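Thanks, everyone. Please put the sequence and the structure up side by side. I'll walk through a few places in turn.

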2 protein chains.
Amino acid sequence: MAKIVTLEQRILKKNSEVAAENRRCFDEHGAFVVSLASSPGSGKTSLLEVALGRLRQEVAVGVIEGDVQTDNDARRIEALGLPAVQVVTNGTCHLDAQMVQGALEHVPFGQVELLFIENVGNLVCPASYDLGEHLRVVVASVTEGEDKPLKYPAMFRRSDALVLNKIDLLPYLRYDMNAARAMALQVNPTLKIFETSCVTGEGVGEFCEWILEQMARNHAA
Amino acid sequence: MAKIVTLEQRILKKNSEVAAENRRCFDEHGAFVVSLASSPGSGKTSLLEVALGRLRQEVAVGVIEGDVQTDNDARRIEALGLPAVQVVTNGTCHLDAQMVQGALEHVPFGQVELLFIENVGNLVCPASYDLGEHLRVVVASVTEGEDKPLKYPAMFRRSDALVLNKIDLLPYLRYDMNAARAMALQVNPTLKIFETSCVTGEGVGEFCEWILEQMARNHAA
């Protein structure tokens, strides 16, 4: 096992170096970068579709989409008339900093002040890979149950915000929102928590405002 | 990259060898083994709870639970008065054959004819690891959308059956069941597809009958 651990450490060290290069690139171009991670099907792309509709009124936005296969998600963003770059990992279970770096040449930085990076749907592996983003957001659908932060703690511990999505379905679920919030805060006491529905739009405005605030704070710093 | 690929191939080769040992162990003890994989929160444990209530009337059942953290799931199975062994992967994103082998000494084989192995919630990484199971089942909740087989094809290609779970929520979703089935069959034309609800119990009986049929066929072979 020793050799595997060493190799993993080398991979993560190399990833951190490239992530730092990405972050410098973002800062030089004045772009604020937010990553989104979640289980498959938690609604990351739907959240982006609704949030971008609001955010584009304030700032110039763009998206890097990560998927194991297909360019479905980039096409959904492009359908909004927004710049989207698709990274297909071809079986790999997460984005890494090098994949993001490879996509940066296709990002029209002059026209993008706020860049989202949507990771592969996976609550485990993406947690280990810094992409150079300024903010990390984890999305969890309320249909997945309350206990995901306890079962997949690394992702929730390393995120800045948690979006509890699909709250329009709450009337039809046995889901205890207070318990869900408590479990998330048990894993990460500083996690900012939002409750959203991409069907009704509820909560998305609050999430967008928070992102714009964080963006302003970053530019002021 | 060459070194990494070689190491990955060595890991998968070693995994296949141990999986073959597991399968021999299962066959020697006359135990039929079914693995379950899915995204986090698709309802694998809930499906087991409902299915085991039916299956235990026909055969002696047991479960190996895989989780990144917590023994929540094994406790849910034990609460039914059934033997459950928890494997905590401590951050690893999938079960492998050696983790399962390590759990086998805790399985009361004389009392278990049908053993389920519930994998970590992850649609990517578990696809690569043979555990020695006889049947592979992938579970997807209808709340995750129709296109998961196209976006995470390996898992669907390497499974024998797909359980489309949480169909009690269909009235509240925009979900096209025919499109979902077509996308799954596009990736794996021999996939057996079930539609289930663990709230109403709908479809679970059909799923259980299919497992018992496969078990009988395996014993006859």
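Start at Thr70 of chain A. Thr70(A) has 16 C-beta neighbours inside 10 Å, so Thr70(A) counts as partly exposed. To find Thr70(A), look in the loop between strand 2 (61-67) and helix 3 (72-78) of chain A. Now check the backbone. Phi of Thr70(A) is near 75 degrees, which is a positive value in a residue other than glycine.

A word on what we are looking at. This is a predicted model. The scores are ipTM 0.93 and pTM 0.95. In chain A the average pLDDT is 96, and 98% of the residues score at least 70.

Next stop, Lys166(A). Lys166(A) sits in the loop between strand 6 and helix 7 (177-187) of chain A. Phi of Lys166(A) is also a positive value in a residue other than glycine, near 65 degrees. Is Lys166(A) buried or exposed? There are 28 C-beta neighbours inside 10 Å, so Lys166(A) counts as buried. Recall that Thr70(A), with 16, counts as partly exposed.

Now a helix. Please turn to helix 8 of chain A, residues 204-220. Helix 8 of chain A has 17 residues. From first C-alpha to last, helix 8 of chain A reaches 24 Å, close to the 24 Å expected at 1.5 Å a residue.

Which residues of helix 8 of chain A are buried? They are Val204(A), Phe207(A), Ile211(A) and Met215(A). These four cover an arc of only 75 degrees around the axis, so they lie on the same side of helix 8 of chain A. An α-helix has 3.6 residues a turn, so residues three or four places apart point the same way.

What do the buried residues of helix 8 of chain A pack against? Partners within chain A are strand 1 (32-38), helix 2 (44-55), strand 4 (114-118), strand 6 (161-165) and strand 7 (192-195).

Over to chain B, and Tyr129(B). Tyr129(B) lies in the loop between strand 4 and strand 5 (135-141) of chain B. Tyr129(B) counts as buried because it has 22 C-beta neighbours inside 10 Å. Who is in contact with Tyr129(B), leaving aside neighbours within four places in sequence? The contacts are Asn15(B), His94(B), Leu95(B), Asp96(B) and Ala97(B). Take Leu95(B). Tyr129(B) and Leu95(B) are 34 residues apart in sequence, yet 7.4 Å apart in space, C-alpha to C-alpha.

Last topic: the two chains together. The same surface serves both copies, and 100% of the contact residues of chain B recur in chain A.

How many residues does the contact take from each chain? The contact takes 32 residues from chain B and 32 residues from chain A. On the side of chain B that touches chain A, the elements giving two or more residues are helix 1 (2-28), strand 4 (114-121), helix 5 (148-151) and helix 6 (153-157) of chain B. Helix 5 of chain B gives the largest share, three residues. By type, that side of chain B divides into 15 nonpolar, eleven polar and six charged residues.

That's the tour.

Conventions. Residues numbered from 1 in each chain as written. Chains lettered and ligands numbered in written order. Predicted model: local features only at pLDDT ≥ 70, side-chain atom pairs only at ≥ 80, totals over all residues. Contact = placed C-beta atoms within 7 Å. Nonpolar A, V, L, I, M, F, W, Y, C, P; charged D, E, K, R; others polar. pLDDT = per-residue confidence, 0-100. Expected span 1.5 Å × (residues − 1). Buried ≥ 20, exposed ≤ 12 C-beta atoms within 10 Å, placed from the backbone. Arc of directions from axis to C-beta.
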